[in-house]
Every structure is written in C-alpha cells, then in structure tokens.
Amino acid sequence: MDSISLSRRRLLAALIMVAVALMVSSMDIYLPAMPLMRDYFETTEYMMQLSMMISPLTSALVGLFFGRLCDVYGRRPILFASFAFFLIGGLGCCFADTLETFFLSRYIQAIGTGGLTVIGVVIIADMFHGIDYARYMSIYGALFPLVFAISPIVGAHMTEHFGWRSCFVLNFVAMLIIAVWLRILLPETIKKGEQANQGGFRELLLKAKMLLTDGEYLLMTFGHALPITLTGLFLANGSFIFIDGFGFTPILFSLSQAIPIIMNFIGAMVYRRYIGRLGLKGALRLGAWVIGGFVVGAFALVTHQLPNTPLAILSILCLSNFAMPFVIATCATRAIEIFPDDRGLSVSIMSMVRNFLLAGICGFAGLYFNGTIFPMCIAMILVGILVLGIVFLALQRPLIFAQD
C-alpha cells in the first residue's frame with residue numbers, strides 16, 4: 001500500500017466508512033415504517049420486529065467465512081461479492097410484495113452486510129497501522145450508535161413523503177454509488193505473496209481455534225465487544241423507560257436519546273485528535289477511568305444516591321459513551337495486530353463475538369425489565385465492571401502494548 005498516496009488512502013477509507021454507515025442504516029431505517037409494512041403484508045408486529053434481527057444474527061455467522069475468504073482470495077473480489085449480495089437483497093426489499101419475499105431479501109442483504117462489516121475494517125487495516133489505524137477504528141465504532149440514531153429519523157421523513165418502499169430505495173441507490181466509486185478507485189490491498197494458504201472448512205476451524213485460544217487476542221476481542229453492549233442496553237430499553245416511565249413523547253425521546261450518542265461521537269473525535277499524545281496504553285487507561293466514573297454514577301442511581309430523573313440518567317450515559325472509543329478502538333487495534341497474516345479472520349471473529357454478546361446480554365436483561373431503570377442499570381454496572389477487569393488485565397500484559 002506504500003505505492004498509494006496518503007490522500008487516496010484517506011479517500012478510500014472515507015468511502016468505506018460511508019459504506020459501513022449505509023450498511024448499518026439498512027438495519028433500522030424502516031423502523032418508523034413498520035406499522036405500515038405490517039398492514040401491507042398483513043402480518044404481526046412480532047414478525048416485523050423479527051425482520052430486524054435477521055441482519056445482526058446472519059452477519060455474525062457469515063462474517064467468519066468472509067473473513068477467511070478475503071485472506072485467501074484477496075480483498076477486492078470478496079468485497080464486491082458482499083456488495084452484490086447487499087444490493088440484490090436491497091433491490092428485493094424495494095419490490096417485495098409478500099412477507100416471504102421481504103424476509104428472503106433481508107436475508108440476502110444480511111449476507112452482504114456480514115461481508116461489508118468485516119472486509120471494510122480489514123482493508124483499512126491494510127492501509128493504516130498503529131495509531132493511524134486506531135483513529136479510524138474510533139470513527140468506525142462511533143458510526144454504529146450514530147447511524148442507529150439518525151437513520152430512523154431519515155426513514156420517518158421518507159415514509160411520510162414517499163411511502164415505506166422509499167427507505168429501501170434510498171439505501172440501495174446510495175450503496176450502489178459507493179460500490180461503483182470503490183470499484184473504480186480501490187486496488188487490491190493485500191499482496192499476492194501475503195495471501196493465506198487455501199483450505200477448506202477444517203482449515204477455517206483450525207485457524208479460528210488458534211485465535212480463540214490466544215489469551216491476548218481473546219482479551220482484546222472482549223475489550224472491544226463488551227462496551228458496545230452498554231449502548232445496546234440503553235437502545236433496547238430506553239424508549240420504554242422514557243416514554244412509558246417519564247411520559248416523553250416519541251419525538252422528545254428521539255431527541256433525548258441522541259444526547260449520549262452524540263457524546264460517543266465527540267469521544268471519537270477527541271480520541272482521534274489526542275491518541276498520538278496519549279498512546280494506545282494511555283488511551284485505554286483514560287477510557288477505564290471514565291467508565292469507572294460511569295459505574296459509580298449508575299450505582300448511585302440504583303441506591304437512590306442520585307435522583308431518578310431523565311437528566312441524571314442521560315448524564316451518566318454520557319460518561320460511558322464518551323469513554324467507549326478509547327476502549328473499543330484501542331482493543332480492536334491491538335487484537336488485529338496480534339495476527340497480521342489473518343486479519344480477515346481476526347476481524348470476523350471479533351465481529352461475531354460483538355454481535356452475539358450484544359444480542360445475548362440485551363436479550364437476557366430484557367427478561368428482567370420491569371418498566372424502571374433499575375434492571376438496565378444493574379446490567380450496565382455488571383458490564384462496566386467486566387470492562388474494567390479486562391482493561392486491568394490488558395495493562396498488566398506487556399506483550400499487548402510492547403510496540404506502544
């Protein structure tokens with residue numbers, strides 16, 4: 001990648017980030033349109049909610065194979081195969097006339113999502129290293145909550161003016177434009193001599209076992225994945241707490257839930273600006289201190305040391321969201337650098353762990369939801385303590401930060 005100018009690498013990274021944002025938006029841009037779609041397909045609310053779960057679960061499973069394939073056959077062919085799946089599935093969503101066709105289209109689109117989630121990160125890892133790569137990972141981590149907050153707002157306006165199908169049309173057209181740009185501008189980012197040896201399913205399992213039994217890699221993978229569940233816990237429960245518990249209108253809630261998410265983005269920008277001075281180890285330590293403050297604040301809410309008000313809840317959530325890029329991006333950077341010859345598989349396993357933890361922890365916490373903040377806060381406290389433990393262990397292992 002040294003032959004490609006820095007300005008071109010930055011442009012390619014920006015295009016990949018836009019592709020990731022569009023991929024994320026495909027998961028929930030049609031959220032405000034679901035009542036209309038329920039009536040159109042003559043189905044239930046549960047079936048429409050189930051259509052949203054197809055993407056993260058499918059992506060977690062197929063990403064493992066895409067990661068291995070891009071290590072063996074190169075980044076370009078697998079990336080554009082992922083684009084093809086995403087676009088074909090998106091086109092099917094645009095014209096679906098039955099619920100079965102819509103679900104099949106969502107599944108095809110989710111296969112492409114699994115590839116884009118992994119390969120986009122791998123390509124950026126091919127082009128940037130160390131501190132430079134960590135800066136991009138901070139933006140990558142901030143994209144998910146930011147897009148999750150913005151895309152339903154866009155979808156609501158599209159649905160109101162053009163109908164529910166326009167949500168999928170907009171997503172399809174925008175992704176098609178990015179795919180064409182990358183097709184023209186993106187070279188192969190892995191040299192032929194650096195490609196992994198070919199192998200079947202057995203080789204994939206052996207490689208995956210190697211990564212999952214490496215203590216440093218596993219520690220950094222969980223350090224990357226666990227903090228994201230803090231945002232997931234809030235997004236899964238926040239509407240019920242603020243709308244049902246505090247009497248917020250949907251619009252007021254949509255504005256209030258954006259506050260901690262904006263703080264996440266601010267944290268990513270601060271991380272990007274000062275990571276060069278802090279170093280990866282210093283950034284991880286700073287993130288741990290802020291998450292520690294979040295744990296203390298959440299505990300104060302649970303024990304009634306702080307008033308149970310929307311302002312107090314949002315203020316405490318701002319702490320965890322600000323700290324996330326410092327932990328998520330740093331851990332992801334170190335995890336990927338542990339096995340540089342298997343970046344695709346490393347990223348895909350990290351993505352799989354992240355998705356399963358997000359679904360599992362949020363689902364488990366939902367079983368105990370009672371209409372108040374307390375189950376959510378208790379779950380967040382436990383996750384925060386786990387994150388602090390992981391950071392403490394990571395800082396004690398000199399090999400993880402030997403190059404810092």
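Trainee: Which residues do ring pairs link into a cluster?

Mentor: This is a predicted model. In it, ring pairs join Tyr30, Tyr40, Phe41, Phe102, Phe103, Trp164 and Phe168 into a cluster.

Trainee: How many aromatic pairs does the structure hold, and how is one described?

Mentor: A pair of aromatic rings is described by the distance of the centres and the angle of the planes. The structure holds 14 such pairs. One of them is formed by Tyr271 and Phe326, with 5.3 Å centre to centre and 85° between the planes, which makes the pair edge-to-face. The pair links distant parts of the chain: Tyr271 belongs to helix α10 (residues 250-302) and Phe326 to helix α11 (residues 310-338), 55 residues apart.

Trainee: Are Tyr271 and Phe326 buried or exposed?

Mentor: A residue is called buried when its relative accessible area is under 20%. Tyr271 has 1% and is buried. Phe326 has 2% and is buried as well.

Trainee: Which rings have the charged end of an arginine over them?

Mentor: The ring of Phe80 has the charged end of Arg183 over it, 5.1 Å from its centre. The ring of Tyr136 has the charged end of Arg272 over it, 5.1 Å from its centre.

Trainee: Where does α11 bend?

Mentor: The bend is at Met324, by about 35°, and a proline, Pro325, follows within four residues. From its first C-alpha to its last, α11 reaches 42 Å with 29 residues, close to the 42 Å expected at 1.5 Å a residue. Since 23 of those 29 residues are buried, α11 is largely enclosed by the rest of the structure.

Trainee: What about α6: where is its kink centred?

Mentor: The kink in α6 is centred on Val147 and amounts to about 30°. Helix α6 (residues 130-162) has 33 residues and reaches 45 Å from its first C-alpha to its last, close to the 48 Å expected at 1.5 Å a residue. Just after α6, Gly163 takes a positive phi of about 95°.

Trainee: How many helices and strands does the chain have?

Mentor: The chain has 13 helices and zero strands. Its radius of gyration is 21 Å, close to the 22 Å that the globule rule gives for 404 residues, so the chain is as compact as a globular protein of that length. Along the principal axes, the C-alpha atoms fill a box of roughly 60 × 55 × 40 Å.

Trainee: What share of the residues counts as buried?

Mentor: Of the 404 residues, 56% count as buried. Among contacts in the chain with a separation of 6 or more, 85% are accounted for by residues 24 or more positions apart.

Terms used:
Residues numbered from 1 in each chain as written. Predicted model: local features only at pLDDT ≥ 70, side-chain atom pairs only at ≥ 80, totals over all residues. Heavy atoms only, no water. Phe/Tyr/Trp six-rings, centres within 6.5 Å; stacked < 30°, edge-to-face > 60°. Helix = DSSP H or I, 4+ residues; strand = E, 2+ residues; numbered from the N terminus. Buried < 20%, exposed > 50% of the residue type's maximum accessible area, 1.4 Å probe, protein only. Lys NZ or Arg CZ within 6 Å of the ring centre and 35° of its normal. Expected span 1.5 Å × (residues − 1). Bend = angle between axes of the 7 residues up to and from the residue. Rg over C-alpha atoms; globule rule 2.2 N^0.38 Å. Contact = heavy atoms within 4.5 Å.
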